Amino acid sequence: MVVQTSEHGAEIALLRDGKLMEIHRENYGGAFQVGDIYFGKIKKIMPGLRAAFVDIGHPKDAFLHYHDLGPDVPSLLKFIDEMRHKRIHTHLLAPFNFVPPIHKDGKIEDVFKVGDQILVQIVKEPISTKGPRLTSAISLPGRYVILIPFADNVSVSKKIESREERIRLKDLIKSIKPKGFGVIVRTASDHRTVNELDQDLRELLQKWKEIYQNIKQHKKILYREPQKVELLLRDMFNDSFEKITVDNKELHHELREYISTIAPQKKDIVRLYEPKTHVPLFSELNINRQLQSLFGKIVNIGGGAYLVIEHTEAMHVIDVNSGSKRLKDSNQEETALKTNLEAAAEIARQLRLRDMGGIIVIDFIDMRNADNKKKLLHAMKDQMADDRAKHTILPPSRFGLIQITRQRVRPENKDDDKPVCPLCKGTGNAPPTPTVVEQLESRLREIGPSQQGKITLHVHPYLEAFLTKGFPSKRLKWAWQYKKPIAISSHEEFAITHFEFL
């Protein structure tokens, strides 16, 4: 992990063998991130959508669907109501009388009315013109367990495969968890001691107590997730981490303290970057160069093969091209399989790097052999096994397309530093000069007959040269046609296709 900080925020890069795998950006003071808990107010109920719009302070009202309420939302609403009437004086739920859960096919108008106040948690950050998406099934994630108020069940991560270990963890958590709270045992709990799990549970209960105090004080923001650096370490840190490099002394100290609590034997892997020159950390470790080459439309995967990544409103489309690679091997099926397997590894990396979500359609190179298609599907699943976002991979279709759905909870990572060309608007295609002149003449036909006095035309210098050179020039022809002087003024800041009449 490499963390580069600035006065505005931090950039966090995850590298494997020097190769960039993920990039995360954190803006200091940024609001509405996944995991934050708010005290919201129901603004509008939409029975047809089975949803409600909730005011949490975002310019766009947040969206809360019936399926995201959680079965125990009646108990949550009762808890808030009794707190407001000062009938509850503790954050613990053992003395609280629970209400029967809602039915999964119920109506949202039977649960809420406009003006109700409700605890909500962000599950999807604001994207484009949409507000945040919410849930009222509150959960507080820790290093080893996730605490769920108003539930009472214990479940264990499916990634813990040992039956004996699953039974041990389940019995252990049942013996230490407080009444009225559900617990999800995370993968990191595998073979952890009762002291480690108990300490994690106590810290989460303390967070719930702070939320309870904030509700009593009528605060709108009840809980914020920690800094993204600590968040990533909480969710991802394991024995495979070899080095964490940061360029900020205060953050260096905080991370050493945090690592010493979750893995004391690994605290020395946190290192402070103190450059002798003023070279930024990302430049020193060649991360900036990787970023520049990885966020374009075309991504090379070696040997002449490359990917073309297109983003549309509805989905992402990735095309795999063999390029010059096909010239190097006489066996087309073997070349196609080899290229596709290399592409699968790079595509899995690109999905994590760009945090692409929604529907992704991949057009791999056509293969005839059914076994090769199975190999490609297994390779794609293996490459995405480390992806923390929920995803589904479908087998190749009749046309050789593989479709992936990947959870999207925050805006996609894009290279916003590259300005869009004013000429082609990012398409790569600019209209030829004669086409521009046709548009210009069409506009002139509209205004020429009715305009009194001289007409002045502002254009790019290239267009000015095209319109004034030769005899008779275009400008002279227009002057004769409309029987009035036409002046042409050039402006270097104009795009070649841009013109203005005065």
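Let's start at Thr245, which stands opposite Arg271 in β15. A word on those labels: helices are DSSP runs of H or I with at least four residues, strands are E runs of at least two, and both are numbered from the N terminus. I call two strands paired if DSSP finds at least two bridges between them.

Before I go on, please keep in mind that this is a predicted model, in which local features need pLDDT of at least 70 and side-chain atom pairs count only at pLDDT 80 or more, while totals for chains, interfaces and linings use all residues. Residues are numbered from 1 along each chain as its sequence is written, and side-chain values use heavy atoms, with hydrogens and water left out.

So, which sheet are we in? It is an open one of five strands, ordered β3-β2-β1-β14-β15, with mixed pairing. At its edges stand β3, residues 19-27, and β15, residues 270-272; each has a single partner strand, so one side of each is left without a neighbour in the sheet. From one strand to the next, the twist averages 20 degrees. For angles, axes are lines fitted to C-alpha atoms, for helices over the stretch in contact, and the values run from 0 to 180 degrees between N-to-C directions.

Let's walk along the other strands. β1 and β2 are antiparallel, with four bridges, and a hairpin of three residues joins them. Gln4 has Glu11 of β2 as its bridge partner. Glu11 also stands opposite Arg25 in β3. Between β2 and β3 the pairing is again antiparallel, this time over eight bridges.

Two helices go with this sheet. Helix α4, residues 228-236, lies across β1 (2-5), β2 (9-16), β3 and β14, and runs at about 135 degrees to β3. Helix α5, residues 249-262, packs on the sheet and touches β1, β14 and β15, its direction making about 165 degrees with that of β15. Contact here means heavy atoms within 4.5 Å.

Now for some backbone details. Most residues other than glycine have a negative phi, and most peptide bonds are trans. Which residue sits in the turn of the β2-β3 hairpin with a positive phi? That is Asp17, at about 55 degrees, in a hairpin with two residues between its strands. Phe150 is not a glycine either, and its phi is positive at about 65 degrees. Phe150 lies in the loop between β10 (145-149) and β11 (154-156).

Are these two residues buried or exposed? Asp17 is exposed, with a relative accessible area of 79%, whereas Phe150 counts as buried at 4%. The cut-offs are under 20% relative accessible area for buried, over 50% for exposed and partly exposed in between, with a 1.4 Å probe and protein chains only.

There is a cis peptide bond too, from Phe471 to Pro472, with omega near -5 degrees. Pro472 is found in the loop between α11 and α12 (474-482).

Strand β22, residues 455-459, pairs with β24 in the antiparallel sense over two bridges, and Leu457 has Phe501 in β24 as its bridge partner.

One more residue: Leu376, in helix α9, residues 370-383. Leu376 is buried, with a relative accessible area of 3%. Setting aside neighbours within four places in sequence, Leu376 is in contact with Asn340, Leu341, Ala344, Phe364, Met367 and Ile402. Its C-alpha atom is separated by 15 Å from that of Phe399, 23 residues apart along the chain.

That's my tour, friends. Happy to go back to any part of the model.
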